[in-house]
Amino acid sequence: AYFDLIGLPPSPDKIEAFLNDTSGEAFTKVVDELLASPRFGERWGRHWLDAARYADSNGRDRNVFWYHAWRYRDYVIASFHANKPFDQFVRE
């Protein structure tokens, strides 16, 4: 779940806490925690940014930096965190 949702491995403390949780809700707790993590929006927002061909610069010989491009990147990540409906996201 860690690799799928946030792209990072769990810490040893998180593994131990999961293994020591004897309730039937251990996996549900982990998934809920990962979905609330800022890393979730960063990982999945990246796919949209790739599709939209997001870049901070043009990447050519004269590497021109787009100074306000980060605003769009942060908007996309915040939209994933807010669980914004896709049709609303596209309209915006």
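Rings of Phe, Tyr and Trp (its six-membered ring) pair if their centres lie within 6.5 Å; planes under 30 degrees apart count as stacked, over 60 as edge-to-face and the rest as tilted. The model you see is predicted, so local features need pLDDT of at least 70 and side-chain atom pairs count only at pLDDT 80 or more, while totals for chains, interfaces and linings use all residues. Residues are numbered from 1 along each chain as its sequence is written, and side-chain values use heavy atoms, with hydrogens and water left out.

**Exercise 1. Find the aromatic pairs, and classify the pair of Tyr54 and Tyr72.**

Solution. 
- Step 1: the structure holds 5 aromatic pairs.
- Step 2: the ring centres of Tyr54 and Tyr72 are 6.5 Å apart and their planes meet at 35°, so this pair is tilted.
- Step 3: Tyr54 belongs to the loop between helix H4 (38-51) and H5, and Tyr72 to helix H5, so the pair ties together parts 18 residues apart in sequence. Helices here (H or I, at least four residues) are DSSP runs, numbered from the N terminus.
- Step 4: with relative accessibility of 22%, Tyr54 is partly exposed, and Tyr72, at 33%, is partly exposed. The classes are buried under 20% relative accessible area, exposed over 50% and partly exposed in between (1.4 Å probe, protein chains only).
- Step 5: ring pairs join Trp48, Tyr54, Tyr72, Tyr75, Phe86 and Phe89 into a cluster.

**Exercise 2. Decide whether Ser79 is buried or exposed, and list what Ser79 touches.**

Solution. 
- Step 1: look for Ser79 in helix H5 (residues 69-81).
- Step 2: Ser79 has a relative accessible area of 4%, so it is buried.
- Step 3: leaving out residues up to four places away in sequence, Ser79 touches Lys84 and Phe89. Contact means heavy atoms within 4.5 Å.

**Exercise 3. Work out the surroundings of Leu5.**

Solution. 
- Step 1: Leu5 sits in helix H1 (residues 2-5).
- Step 2: a relative accessible area of 17% makes Leu5 buried.
- Step 3: beyond residues up to four places away in sequence, the contacts of Leu5 are Val31, Leu34, Leu35, Phe40, Arg43 and Trp44.

Terms used. Helices (H or I, at least four residues) and strands (E, at least two) are DSSP runs, numbered from the N terminus.
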